[in-house]
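Okay, thanks for making time, everyone. I'd like to walk you through one model, a few spots at a time, so let me put it on the screen.

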Amino acid sequence: MQTSFEELQLSPALTAVVQDLGYTQPTPIQIEAIPALLAGRNIIGQSQTGSGKTAAFALPVLQGIELERCELQALVICPTRELTAQVGREMRKLGRKHRGLQVLELVGGQLSRPQRDSLERGAHIAIGTPGRLLDLLERGFMKPESIKTVVLDEADRMLDMGFDDDVHKIISYLPENRQTALFSATFPRGIEAMSREIQPDAQRITIETSDKDLADIRELKLCYGSDDKILALCWALQSQSAESALVFCNQKTTVREITEELSRGGISVDRFDGDLEQFNRDQVLARFRNHSVRVLIATDVAGRGLDVEGLDLVINYDVPEQAETYVHRIGRTGRAGATGVAISIVRDETDRDLEDIEEFTGQTIAILDHSASKSSTLAELLKQLAEGPKMETILISGGRKDKVRKGDILGALTGDAGGLDGKDIGKIEIQEKLSYVAVSRATISDAVSCLNVGRIKGKRFRATHVGR
Ligand code: AMP
């Protein structure tokens with residue numbers, strides 16, 4: 001018998017939301033974690049990207065929120081800004097029937113002042129990265145007394161990134177009788193120690209990952225032998241005719257090199273590495289998510305918690321040194337029921353690192369037959385690949401704070417107001433203070449001017465075309 005969401009003792013409002021979202025059945029981690037958290041227990045949960053772990057803690061957290069008390073009741077600590085944004089999005093999505101719910105994202109790389117002001121105005125849930133959270137606590141801007149639940153998301157990554165001390169200090173500010181949930185993909189010794197210290201009697205939740213539970217990912221390797229590696233990348237891209245592809249490299253110099261090379265060849269490509277400023281990171285990701293950029297080249301440092309999901313294709317331009325990194329990388333594809341493909345580019349069949357990975361994951365990585373594309377030259381391949389999607393992104397200077405909704409933007413662009421056809425408009429993404437909308441390349445200048453001239457919610461906002 002399959003467990004249903006109704007059996008998990010979620011409130012009718014939350015059950016309705018998960019139904020609206022099309023979550024037909026809880027995932028294994030949700031089946032275990034939701035009842036334990038609702039019963040007030042501490043948990044240490046093993047979770048992989050794509051396992052539905054965000055909802056596994058977000059649903060019980062939301063159920064415990066007393067909306068009429070506008071004070072912090074839950075805190076989620078994440079290793080990266082991108083993961084923070086991702087958790088924030090899921091929390092708001094699941095909390096959409098909680099009227100007046102305030103969810104704050106508190107991360108570094110952004111001015112602290114507006115975050116302090118938001119805290120001052122009051123919020124129910126805070127999600128953030130360790131450095132900024134600690135700073136706000138130490139300086140007395142964040143009031144921890146009413147926090148009932150703290151969640152450590154991707155705890156192993158936080159240790160890897162050296163946030164151990166910060167996390168301990170944050171925890172020391174929280175009430176003793178709080179509930180503590182810790183999620184981690186792996187359980188190295190440091191995690192066990194941390195768990196013993198911060199969450200007594202934690203219930204351990206380990207999900208046996210049978211093939212059925214794992215995201216459906218086809219793992220392949222492409223062997224380039226004596227050919228050019230960049231050519232192999234093009235073969236890999238071409239073999240799948242994927243709408244978007246995420247390519248990982250081990251070094252940021254490689255990221256730059258291949259971004260330039262593909263870009264010169266006319267491919268819709270951008271890079272995502274640790275050198276990008278926060279604002280540019282947001283823009284690059286928004287453009288990748290809405291298909292204005294087809295290929296994104298990234299490093300692992302930047303790729304941790306990189307906020308994209310459900311990709312068709314992930315390519316390892318370089319095989320990572322650690323098997324965990326491999327699992328994390330390929331987890332961006334094949335989520336929530338969709339099949340994805342992960343291709344690793346290697347010189348020859350017997351790549352030691354890839355063999356170690358196979359041993360670690362227990363999955364065999366099959367060889368991708370690329371003989372069909374072998375006859376084409378690099379120039380020919382680039383030309384074919386350049387025929388990608390033709391969307392462009394517009395940044396609008398208003399967001400959730402200004403009560404801007406998707407329908408408002410759609411309304412401003414189409415009908416009598418904008419005159420654009422609905423089919424020229426792609427994904428619309430509303431963030432806290434700004435929004436992104438994708439429009440077809442042919443309509444970009446009309447769309448920008450119509451947004452600048454017109455009004456949204458009776459207000460004027462600035463619209464700019466964002467590109468590379
Ligand atoms: P996560 O592991 O939290 O990164 O979630 C992976 C993806 O699965 C997210 O896009 C969720 O919206 C989605 N998801 C979470 N729970 C379910 C569910 N029970 N059924 C289908 N999709 C889900």
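Before I point at anything, when I say contact, I mean heavy atoms within 4.5 Å. One thing to keep in mind is that this is a predicted model, where local features need pLDDT of at least 70, side-chain atom pairs count only at pLDDT 80 or more, and totals for chains, interfaces and linings use all residues. Residues are numbered from 1 along each chain as its sequence is written, and side-chain values use heavy atoms, with hydrogens and water left out.

Let's begin with Phe 360, which sits in helix H15, residues 352-361. Helices, by the way, are DSSP runs of H or I with at least four residues, strands are E runs of at least two, and both are numbered from the N terminus. If you skip the neighbours within four places in sequence, Phe 360 is in contact with Ala 323, Glu 324 and Val 327. Is Phe 360 buried, exposed or partly exposed? For that you need the cut-offs: buried is under 20% relative accessible area, exposed is over 50%, and partly exposed is in between, with a 1.4 Å probe and protein chains only. Phe 360 comes out at 45%, so it counts as partly exposed. And for a sense of scale, Phe 360 and Glu 277 are 83 residues apart in sequence and 35 Å apart in space, C-alpha to C-alpha.

Next, Arg 405, in the loop between strand E15 (391-396) and helix H18 (406-413). Its relative accessible area is 59%, so Arg 405 is exposed. Leaving out residues up to four places away in sequence, Arg 405 touches Ile 430 and Lys 457.

Now to the ligand. Which residues come nearest to it? There are 16 residues around the ligand, and Tyr 23, Gln 25, Gln 30, Gly 52 and Thr 54 come nearest, where near means a heavy atom within 4 Å. By type, that shell divides into four nonpolar, seven polar and five charged residues. For the record, Ala, Val, Leu, Ile, Met, Phe, Trp, Tyr, Cys and Pro count as nonpolar, Asp, Glu, Lys and Arg as charged, and the others, Gly among them, as polar.

Look at the ligand's oxygen atoms. A side-chain N or O atom of Thr 54 is 2.5 Å from one oxygen atom of the ligand. On the backbone side, an N or O atom of Gly 52 lies 2.7 Å from a ligand oxygen, and a backbone N or O atom of Lys 53 lies 3.4 Å from a ligand oxygen. Taken alone the ligand exposes 500 Å², and the protein buries 88% of that; those areas come from the Shrake-Rupley method with a 1.4 Å probe, and for residues only the protein chains shown count as cover. Helix H3 (53-64) and helix H4 (81-94) are the elements that give two or more residues to the shell.

On to Ser 244, in the loop between helix H10 (229-240) and strand E9 (245-248). With 5% relative accessibility, Ser 244 counts as buried. Beyond four places in sequence, Ser 244 touches residues including Phe 288, His 291 and Asp 312. With His 291 there is a side-chain to side-chain polar contact at 3.5 Å. A polar contact here is a pair of N or O atoms within 3.5 Å; within protein, one must be able to donate a hydrogen and the other to accept it, and residues adjacent in sequence count only if both atoms are side-chain atoms.

Most residues other than glycine have a negative phi. Phi of His 291, though, is positive, near 70 degrees. His 291 lies in the loop between helix H12 (278-289) and strand E11 (295-298), and is partly exposed at 25% relative accessible area. Glu 154, also not a glycine, has a positive phi of about 50 degrees. Glu 154 is buried at 9%.

Last, cysteines. How many disulfides does the structure hold? Zero, taking a disulfide as a pair of cysteine sulfur atoms within 2.5 Å. The sulfur of Cys 234 has its closest cysteine sulfur in Cys 249, 13 Å away, so that is too far for a bond. Cys 234 is buried, at 0% relative accessibility, and Cys 249 is buried at 0% too.
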